[in-house]
Amino acid sequence: MRTAVQDVVGCTPPIAHRFAPQFAALDLGTNNCRLLVARPAGTGFRVVDAFSRIVRLGEGLSTTGALSEDAMERTLDALRVCAAKIAARPVVAGRYVATEACRRAANCEDFLARVEQEVGLEIEIISTTEEARLVVAGCGPLLHPRIPYAIVFDIGGGSTEIVWLRLSRGPEGRRQPYILGSISLPFGVVTLTDRFGGTEVSPATYRAMVAEATAALGPFERRHQIFRHVRAGRVQMLGSSGTVTTLAGIHLALPRYIRAHVDGSMLTFEQIAAVSAHLAGLDFAGRAANPCIGHERADLVLRGCAVLDAICATWPVGRLRVADRGVREGILLDLMQG
């Protein structure tokens, strides 16, 4: 499937585009620090540089209420790489945002002041509503225009964003996503790991995480009556998160994670259940050995599977589209269209 986002990460742009204006987007989450630098290309953009590193900024936050010194140092190291990449490019505009860990941490304002002083990047803390809007803006090109409703979700490190939207015909005649409601659940893969502990997940612990996520989804379902639209076959589902992209990579049996194969792919709920059950049957070393997981995420992936199980059970759409895109892509499209 051809999409509006095209990667040429680490490559030199063609001569004709070498001096084209470039834009930067940085998403500092609870688990990852991610940067994209891109230039406009048609109705989308072409990536000219990218960076992603697991920093676990929110590690221990659910217990202490503050960012730890080790987590801040790891994040500062990653942000220095991002700042160097931005400085090396003809970036005309950028937006650098932080999400759940910084929304919750008592010492985050001090940390971001330190980032500005030591690294030279001014990072803004965005609301859950703005985060949901950016996820939808970034993933919008993957939505099927003839299915009138959509559930879009992002299982993050510190929170899980759920967006309920309708595709309405815009002024140019094309269907555009209109957000009907959104909710930010106060848990993600890092916070669940902190709370439920350990590198291994027992069946009882897994069931407890699924039950907690299912209960948290209940009020949103009752408010918007999404299930009746699902039953009528009028809803599509799109997942933007490390959880669904990881499961897609495993299902496709990729020898290493390849974004071009994963972004825009489809997973049926049966395939999701099969991969989740396979991962639950492995120990930490077994999960770490998978090239689409690795050692840094081996203790996190089953937490994401538990939240995904709850989403699929609450809204049995039957399949979902996988998006390796989200906040950063939404920021870039905003900047280029603005």
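Okay, let's start with a word: a residue is buried when its relative accessible area is under 20%, exposed when that is over 50%, and partly exposed in between, using a 1.4 Å probe and protein chains only.

Keep in mind that this is a predicted model, where local features need pLDDT of at least 70, side-chain atom pairs count only at pLDDT 80 or more, and totals for chains, interfaces and linings use all residues. Residues are numbered from 1 along each chain as its sequence is written, and side-chain values use heavy atoms, with hydrogens and water left out.

So, N107: buried or exposed? N107 is buried, because its relative accessible area is 18%. You'll find N107 in the loop between helix 3 (100-104) and helix 4 (108-118); helices here are DSSP runs of H or I, at least four residues, numbered from the N terminus. Leaving aside neighbours within four places in sequence, N107 is in contact (heavy atoms within 4.5 Å) with A66, L67 and M72.

Now over to helix 6, residues 189-196. How does helix 6 pack on helix 13, residues 301-314? The angle is about 110 degrees and the axes are 8 Å apart; axes are lines fitted to C-alpha atoms over the stretch in contact, and angles run from 0 to 180 degrees between N-to-C directions. That makes helix 6 roughly perpendicular to helix 13, a label for angles of 65 to 115 degrees, while under 35 is roughly parallel, over 145 roughly antiparallel and the rest oblique. On the helix 6 side, V189, L192, T193 and F196 meet R303, G304 and V307 of helix 13.

Helix 6 also packs with helix 7 (residues 203-224), at about 130 degrees with axes 12 Å apart. That makes this pair oblique.

Terms used: Helices (H or I, at least four residues) and strands (E, at least two) are DSSP runs, numbered from the N terminus.
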